[in-house]
Structure formats: C-alpha cells, structure tokens
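Student: I have a model open and would like to go through the labels used for it. Could you take me through them?
Tutor: Gladly, let us look at it together.

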Amino acid sequence: GKAFTHFGFQAPSSSEVFKLQKTLEKKNIEITKNAYERWDGASVYFTDPNGYTIEFIYFDPNAHAE
C-alpha cells in the first residue's frame, strides 16, 4: 500500500472537526478526506501550504472497540 505520514492535532469535540471543515472550505484549503464520524470519534484531513497532510481528530473517551 501507499505509505502515509501526517501530523495530527486533537480536537476538543466531534462537532469542532466538522466546524473546521467548513472553515477550511471557506478559505479554499485542500481537504484530503472530508470530515467523518469514526467508531472512536471524528476526523478530517487537509493539506497545509507546504503540502503536508494534517489530521484534526477527536477521540471519544467513552468509545470502545467492537
């Protein structure tokens, strides 16, 4: 598979992940993977001006692997 390296920043809530996507869209910042709900929270990936992939992610402290 394709090697994937990125930086990640922890979001304070799931709703903040979706809120950031709207802000990124308004600023015409490239979104690599749209915001989505995960079993353990939510995540969005975007590219910074230098081409690095950044993830903004929320981990739900009450989530349990199924």
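Student: Which residues does Ser43 touch, not counting residues up to four places away in sequence?

Tutor: Ser43 touches Val17, Asn34, Ala35, Tyr36, Arg38, Glu55, Phe56 and Ile57, where contact means heavy atoms within 4.5 Å. Before we go on, note that this is a predicted model, in which local features need pLDDT of at least 70 and side-chain atom pairs count only at pLDDT 80 or more, while totals for chains, interfaces and linings use all residues. Residues are numbered from 1 along each chain as its sequence is written, and side-chain values use heavy atoms, with hydrogens and water left out.

Student: Why is Ser43 called buried?

Tutor: Buried means under 20% relative accessible area, exposed over 50%, and partly exposed in between (1.4 Å probe, protein chains only). Ser43 has 0%, so it is buried. Its place is in strand β3; strands (E, at least two residues) are DSSP runs, numbered from the N terminus.

Student: What makes the pairing of the Ser43 and Glu55 side chains a polar contact?

Tutor: The two side chains come to 2.7 Å. The term asks for a pair of N or O atoms within 3.5 Å; within protein, one must be able to donate a hydrogen and the other to accept it, and residues adjacent in sequence count only if both atoms are side-chain atoms. The Ser43–Glu55 pair is listed as such a contact.

Student: What does the side chain of Asp48 reach?

Tutor: Asp48 sits in the loop between β3 (41-47) and β4 (53-59). Its side chain reaches the backbone nitrogen of Asn50 at 2.9 Å, and a polar atom of that Asp48 side chain lies 2.8 Å from the backbone nitrogen of Tyr52.

Student: Why are Phe7 and Tyr52 called an edge-to-face pair?

Tutor: The structure holds 1 aromatic pair. Phe7 and Tyr52 form it, at 5.8 Å centre to centre with 70 degrees between the planes. Rings of Phe, Tyr and Trp (its six-membered ring) pair if their centres lie within 6.5 Å; planes under 30 degrees apart count as stacked, over 60 as edge-to-face and the rest as tilted, so 70 degrees is edge-to-face.

Student: Which parts does the pair tie together?

Tutor: Phe7 lies in strand β1 and Tyr52 in the loop between β3 and β4, so the pair ties together parts that are 45 residues apart in sequence.

Student: How do you know that Phe7 and Tyr52 are partly exposed?

Tutor: Phe7 is at 48% relative accessibility, so it counts as partly exposed. Tyr52 is at 45%, so it is partly exposed too.

Methods:
Helix = DSSP H or I, 4+ residues; strand = E, 2+ residues; numbered from the N terminus.
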